[in-house]
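Please open the two-chain structure shown below in a viewer and keep the selection panel at hand. The stops that follow say what to select next and what is to be found there.

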Amino acid sequence: MSYILNPFDTIAVEEALRIREKLGKDVEVVSIGVGGPGYELDLRTALAMGADRAIWVESDERMDPWNVACVLHAIVKREKPSLVLMGKQAVDDDSNQCGQFLAAQLDWPQATFASKIEWDDQCCRVWRETDSGIETVMLSLPAVITTDLRLNEPRYASLTSIMRAKRKTIERCELHELGVENHPRVRLVHMESVSTERKCVMVDDVGELVDRLRNEAKVIT
Amino acid sequence: MNILVVVEHNGTVMSTATRSAFTFADQLAQEVEGEVKSLVMGSAIQGVVQETSRYSPVLMAESDELKFPVADRYAVVIEKCVRDYNIEFVIAASTTFSKDVVARAAGLLGGAMASDVVGHTLQEGKLRFRRPMYAGSIIATVELEGSPQVVTVRATSYPPATPKEQTCDVSPIASIAGQLPDHIEYLALESKQSHRPDVAEARIVVSGGRALKNTEDFEKIVGGLADCLGAATGSSRALVDAGITPNEMQVGQTGKIVAPDLYIALGISGAVQHLAGMKNSGIIVSINSDPHAPVFEVSDYGIVGDVYTLVPEMMDRLNAR
């Protein structure tokens, strides 16, 4: 069995490593990064944590979630993993789309925002964090799972693993080698920073607070 | 131009957030000269369909196979409706339901998606969507390429639509029996029952952070103050991680985004990720024992002190009337 991971996400890497440790079978953990030079460091970290191999798809252009999914799709077709694990959202664009796009393209089952995963031989049970509480689903494999923050606490790479990781290769490839072209679906036109500061009135006691909320702010009766 | 609102419901009623999706859809319809319809999926959905028909004509997808919101099945139904009805915009409220189901549908439809939209403009024939990035510290303006365009909207940015007097038409979609995938099995939903309003919909939210040591204290202090005010309770991530509060109470970048008239933060330091979830609230009040807590920088009122002493005092004051 092999597992593929997406643009740097330590929680997903950690989960893959735990699955390998738990199943004790012939399981390979492959870490993938799509993007510019920063990814090389991220992939070295994944290798130092314990991933077996890494693939770096180099791209200078900004790639939206759809196009990242297209790249991952091409890798999945080549590597044929049983499971793709990735973070539920990237903390820069906060889109929360890529995993779902990949699962749709592959026509694989998905479980998003996973907070716990349990394994069977042919399928897995996933606990998902939703607005209404924790939902449990069972997925047949192969599948795509996106990870939520509480899934695990990632290990730190020990000095020995970092040294050992230097011997592992990072395979480098480019979009055209995978037969993928970057056709943006989302064009970023403008960014503006948002100021959230407010002028805080510090009060000395709760009596004054309640009075101000009632009579000044008028938000309570 | 045909606009489709994907309705979220709990089997009995349509979600309040979906009414915000209707507001956006109606605005869009005016701007692009389009027509709005909606899609309700599930089994035994007559009640929800009736309610929804007061917001737009309804496409009804009723089947035992759709009893639970399983992503791959629901996404296929959405895709089918888009093709059968020439839909150019698929709209939903930004919730975990739409992130799971509607995003997958967008993946079947070419990936032109803008999530968690907080505003939009139509300039020189081009639609532009504003959406938060970097935990809400940046607002990005984006354009989508391709059709259909899939847009999820932040409910706190679009007020809920009011139902119409007359109901609109309801039509069942063409049969999907035997055409739906079967690789995800829905097993259970564990939901904490509460007598309090929903944190994302309440007018007042009382939220607790690391200062609260355990569930009992949370209930007494945060819950107690919430009950005085008829408020909902919210939580920082730290308490959910510690198992003190359930995940559905988490307010923040990776939890719920709320914008009540009044947000009271008790013992919450004010990490950027938490602020992302509440900084658009009307009035923000913070109580924290640390005078340098970053939360005071985004608050309208603040008290430095121990929530264990100050909150019971505040409750007495409120109850005194």
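Two strands are said to pair if DSSP finds at least two bridges between them, and both helices (H or I, at least four residues) and strands (E, at least two) are DSSP runs that are numbered from the N terminus. This is a predicted model, in which local features need pLDDT of at least 70 and side-chain atom pairs count only at pLDDT 80 or more, while totals for chains, interfaces and linings use all residues. Residues are numbered from 1 along each chain as its sequence is written, with chains lettered from A and ligands numbered from 1 in the order in which they are written.

Begin between the chains by selecting strand 7 of chain A together with strand 11 (residues 184-190) of chain B, which pair in the antiparallel sense over 6 bridges. Within this pairing, Glu135(A) stands opposite Leu189(B).

Now widen the selection to the whole interface, where 58 residues of chain A are in contact with 73 residues of chain B, contact meaning that the C-beta atoms, placed from the backbone, lie within 7 Å. Among the elements that each supply at least two residues of the side of chain A that touches chain B are helix 3 (65-79), strand 6 (123-130), strand 7 (133-140) and helix 6. By class, this side of chain A has 29 nonpolar, 16 polar and 13 charged residues, where Ala, Val, Leu, Ile, Met, Phe, Trp, Tyr, Cys and Pro count as nonpolar, Asp, Glu, Lys and Arg as charged, and the others, Gly among them, as polar.

Next, select helix 6 (residues 206-216) of chain A and helix 8 (residues 307-319) of chain B, which pack at an angle of about 50° with their axes 9 Å apart. Axes are lines fitted to C-alpha atoms, for helices over the stretch in contact, and angles run from 0 to 180 degrees between N-to-C directions. The contact is made by Val206(A), Gly207(A), Leu209(A) and Val210(A) on the one helix and by Leu310(B), Glu313(B), Met314(B), Arg317(B) and Leu318(B) on the other; by class, it has 6 nonpolar, 1 polar and 2 charged residues.

Which strands form the open sheet that includes strands of both chains? Its 6 strands stand in the order 11(A)-16(B)-15(B)-14(B)-12(B)-13(B), and the pairing is parallel. The edge strands, each pairing on one side only, are strand 11 of chain A and strand 13 (232-235) of chain B. Strand 12 (residues 204-208) of chain B pairs with strand 13 of chain B over 4 bridges in the parallel sense, and Gly208(B) has Ser235(B) as its bridge partner.

Finally, colour chain B by domain, taking domain 1 as 2-172 and domain 2 as 204-319, bounds that come from an automatic or database domain assignment. The C-alpha centres of these domains of chain B lie 32 Å apart, and 5 residues of domain 1 are in contact with 9 residues of domain 2.
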